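Please look through the sequence and the three-dimensional model shown here before reading on. The report is written for a reader who is new to protein structure.

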Amino acid sequence: MIPHNFVTQNCLNMKFVISSSMLSARLQTIGRVIVSKNNLPILDSFLFNIEGQKLTITASDNETTLTTWMTLNESDGNITIAVNAKTIQDAIKEIPEQPLEIYINENTQEITIQYQNGQYNFMGQIADDYPTPPAMPEECSLLTIGSQALFSGINRALFATADDTLRPVMNGIFFDISSDHVTMVASDGHKLSCNTVYQSQSSSKGTFILPKKPAALAKNILMKDDNEATIRFSEKNALITTDNYTMNCRLIEGRYPNYNSVIPHDNPNCATVNRAAMLSALRRVQIFSNATSSLIKIHLEASKMTISSQDIDFSMSAEEALLCDYSGTPVSIGFKGTFLAELLNNLDSEEIIIKLADSSRAGIIVPAIQSEKESTLMLIMPMMLNE
């Protein structure tokens, strides 16, 4: 280890010791909040706050604030300082697992990081201008839900969110909350994902729309958490808390469309098929579809599903047949291949059920076996077949 003489000469230096791998992992997770161009230069930095043996790190883009905390191996003072995110992330991630000794000069804001074979020196900055997220009102609603159930619902819904400047309410995940279950819905008008988790508790019924970016951040912090998460929400903000993170974010304001009204409940033609086999066939056939429309034709009849595509401009086509369990009249329907592949990718059941009415109405895809703890429904709008 490098001699400490140069850092002990100034009594204003405080020191703390932390695991390099833990620090790097937490920085990489919360660093996803930070955007490349900030209106406030201070938001290019992490906020480090040390009190006793606890280090709290915050990252923000002024609409979403993500905070994590860790117990330090050693600490000899309290301090709050802003640390450039790119500098410390890039430096720490290349260091193998070992204790890092970090010194901060409280007068000059100089930071020294010592590790086994070297050291870094760079400048922090005074953190007085770092924005504080709005506090949640006392009358806010509270939702308690298993972290993995929340992760599953967000993960299955996120791909279906829109990028619609005219209808911003579609650019997030809609949470429809009852006392003992919560439904997470997302739709871009072409596809819809609806996921209901039955093991949850809420202080009251309520709804909110979680924007796409905070939803993606929440998915990352929930991925490896096996305990419960809590969501406190008001009309404008939500606070999501797990064992190691809190996220305060601004919600999308507005009225979400009635998703139940667009889900058909009378599709009589049902096919049960192996999901992985259908997805593989779809990927092969899609290569020969028109690049602009990505139109895929699905024809269903007794015990057989035929997936086909063609591109007239380049005189090419493809067709593949799959075995399936089908009940109903023969039907042909067109779907956008990329949308259909997304739906299949976001289901994890071995077999799926495809429910159709005719070529002009939405198709429903559900797992053949639904869990007692949650249920999933995917909807996809059809495309016109040139027949």
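The structure is a predicted model, in which local features need pLDDT of at least 70 and side-chain atom pairs count only at pLDDT 80 or more, while totals for chains, interfaces and linings use all residues. Residues are numbered from 1 along each chain as its sequence is written, and side-chain values use heavy atoms, with hydrogens and water left out.

**Helix packing**

Helices (H or I, at least four residues) and strands (E, at least two) are DSSP runs, numbered from the N terminus. The axes of helix α6 (residues 275-286) and helix α7 (residues 337-345) come within 10 Å and cross at roughly 155 degrees; such axes are lines fitted to C-alpha atoms, for helices over the stretch in contact, and the angles run from 0 to 180 degrees between N-to-C directions. Angles under 35 degrees count as roughly parallel, over 145 as roughly antiparallel, 65 to 115 as roughly perpendicular and the rest as oblique, and α6 and α7 are therefore roughly antiparallel to each other. On the α6 side, the contact (heavy atoms within 4.5 Å) is made by Arg275, Met278, Leu279, Leu282, Arg283 and Gln286, and on the α7 side by Gly337, Thr338, Leu340, Ala341, Leu344 and Asn345. These residues of the contact of α6 with α7 divide into 6 nonpolar, 4 polar and 2 charged, where Ala, Val, Leu, Ile, Met, Phe, Trp, Tyr, Cys and Pro count as nonpolar, Asp, Glu, Lys and Arg as charged, and the others, Gly among them, as polar.

Helix α4 (residues 147-158) packs with helix α5 (residues 212-222) at an angle of about 140 degrees, and their axes are 9 Å apart, which makes α4 oblique to α5. Here Ser147, Gln148, Leu150, Phe151, Ile154, Asn155 and Leu158 of α4 meet Lys212, Ala215, Ala216, Ala218, Lys219 and Leu222 of α5, and the residues of this contact of α4 with α5 divide into 8 nonpolar, 3 polar and 2 charged.

**Salt bridges**

A search of the whole structure finds 14 salt bridges, a salt bridge being a side-chain nitrogen of Lys or Arg within 4 Å of a carboxyl oxygen of Asp or Glu. The table gives some of these pairs.

| Pair | Closest N and O atoms |
|---|---|
| Lys93 and Asp90 | 3.8 Å |
| Arg284 and Glu320 | 2.6 Å |
| Arg361 and Asp358 | 3.3 Å |

The salt bridge of Arg284 with Glu320 links distant parts of the chain, since Arg284 is in helix α6 and Glu320 in strand β22 (residues 316-323), 36 residues apart. Arg284 has 42% relative accessibility and counts as partly exposed, a class that lies between buried (under 20% relative accessible area) and exposed (over 50%), with a 1.4 Å probe and protein chains only. Lys93, at 46%, is also partly exposed, as is Asp90 at 31%.

**Two loop residues**

Most residues other than glycine have a negative phi. Asn62, however, has a positive phi near 80 degrees, and it lies in the loop between β3 (54-60) and β4 (64-71). Ser303 has a positive phi near 65 degrees, and its place is in the loop between β20 (295-301) and β21 (304-311). Asn62 is partly exposed at 42% relative accessibility, and Ser303 is partly exposed with a relative accessible area of 45%.
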